[in-house]
Amino acid sequence: MGRKAEPFTVIVDSREQKPYRFERMAVAALPTGDYSIQGLEAEVAIERKSREDAYASLGSGRARFERELVRLSRLKYAAIVVESTLPGFLEPPPFTKMNPKAAVNSLIAWSVKYRVCVFFAGDRIHAQALTRRLLEKYWKYRTEKADAHR
């Protein structure tokens with residue numbers, strides 16, 4: 001038995017370089033994050049990071065990434081999904097001089113400061129599944145809440 005189709009359309013940011021694929025999806029410029037739900041772009045966003053991209057964002061792209069976190073913090077729900085395990089993340093990519101413990105500590109500190117959840121999904125396949133599930137749960141709870149107020 002296969003999974004059900006999403007009851008919503010996933011919006012993939014037009015700047016996303018290696019986009020995930022979803023059954024119902026559209027490409028558009030998102031104000032923040034890489035993935036959202038059509039019509040709810042101002043409420044929910046998921047930021048995807050490969051291990052290499054995360055290190056670059058925490059190093060040379062630090063100021064830009066922190067501005068992204070500020071924007072994400074203004075949403076009702078936001079998360080960063082990292083395509084790595086935590087132990088795998090502690091193995092820095094060859095290009096970086098950043099201490100891996102400092103990289104993890106930055107992600108932890110910023111997740112608390114900006115209220116943006118950080119998930120280490122293991123790999124790209126699991127990160128895509130987690131991104132889909134996070135959006136699905138946001139949709140479900142938002143819909144249930146709206147139905148309760150009718």
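Q: Which residues do ring pairs link into a cluster with Tyr20?
A: The model is predicted. It holds 7 aromatic pairs. Ring pairs join Tyr20 to two further residues in a cluster, Phe22 and Tyr35.

Q: Is the pair of phenylalanine 22 and tyrosine 35 stacked or edge-to-face?
A: The ring centres of phenylalanine 22 and tyrosine 35 are 5.8 Å apart. Planes over 60 degrees apart count as edge-to-face. The planes here stand at 70°, so the pair is edge-to-face.

Q: How many residues apart in sequence are the parts that phenylalanine 22 and tyrosine 35 tie together?
A: Phenylalanine 22 sits in the loop between strand S1 (10–13) and strand S2 (25–28). Tyrosine 35 belongs to strand S3 (residues 35–37). The pair therefore ties together parts whose separation in sequence is 13 residues.

Q: Is phenylalanine 22 buried or exposed?
A: Buried means under 20% relative accessible area. Phenylalanine 22 has 8% relative accessibility, so it counts as buried.

Q: What is the relative accessible area of tyrosine 35?
A: Tyrosine 35 lies in strand S3. This residue is buried. Its relative accessible area is 0%.

Q: What pattern does the protein chain follow along the sequence?
A: The chain has 5 helices and 6 strands. Read along the sequence, their order is β-β-β-β-α-α-β-α-α-β-α.

Q: Why is the protein chain as compact as a globular protein of that length?
A: For 150 residues, the globule rule gives 15 Å. The radius of gyration of the chain is close to that value, so the chain is as compact as a globular protein of that length. The C-alpha atoms fill a box of roughly 55 × 35 × 25 Å along the principal axes.

Q: Among contacts between residues at least 6 apart in sequence, what percentage join residues at least 24 apart?
A: Contact means heavy atoms within 4.5 Å. Counting pairs at least 6 apart in sequence, the share that joins residues at least 24 apart is 65%.

Q: How far apart are the mean positions of the positive and negative charges?
A: The chain carries 27 positive and 18 negative charges. The distance between their mean positions is 3 Å.

Q: Which residues is proline 92 in contact with, leaving aside neighbours within four places in sequence?
A: Proline 92 sits in the loop between H3 and H4. It is partly exposed, at 34% relative accessible area. Its C-alpha atom is 8.0 Å from that of glutamate 52, 40 residues away along the chain. Beyond its sequence neighbours, proline 92 contacts Arg51, Tyr55, Met98 and Pro100.

Q: What distance separates the C-alpha atoms of proline 87 and phenylalanine 120?
A: Proline 87 is part of helix H3 (residues 86–89). It is exposed, with a relative accessible area of 59%. Phenylalanine 120 is 33 residues away along the chain. The C-alpha separation is 9.5 Å.

Q: Near what value is phi of arginine 115?
A: Arginine 115 falls in the loop between helix H4 (100–114) and strand S6 (117–120). At 59% relative accessibility, arginine 115 counts as exposed. Its phi is positive, in a residue other than glycine, and lies near 55°.

Q: Which residues does arginine 15 touch, not counting residues up to four places away in sequence?
A: Arginine 15 is in the loop between S1 and S2. It counts as exposed, at 53% relative accessibility. Tyrosine 141 is 126 residues from arginine 15 in sequence and 28 Å away, C-alpha to C-alpha. Outside its sequence neighbours, arginine 15 touches Ala29 and Leu30.

How values were computed: Residues numbered from 1 in each chain as written. Predicted model: local features only at pLDDT ≥ 70, side-chain atom pairs only at ≥ 80, totals over all residues. Heavy atoms only, no water. Helix = DSSP H or I, 4+ residues; strand = E, 2+ residues; numbered from the N terminus. Rg over C-alpha atoms; globule rule 2.2 N^0.38 Å. Lys, Arg positive; Asp, Glu negative; His and termini not counted. Charge placed at Lys NZ, Arg CZ, Asp CG, Glu CD. Phe/Tyr/Trp six-rings, centres within 6.5 Å; stacked < 30°, edge-to-face > 60°. Buried < 20%, exposed > 50% of the residue type's maximum accessible area, 1.4 Å probe, protein only.
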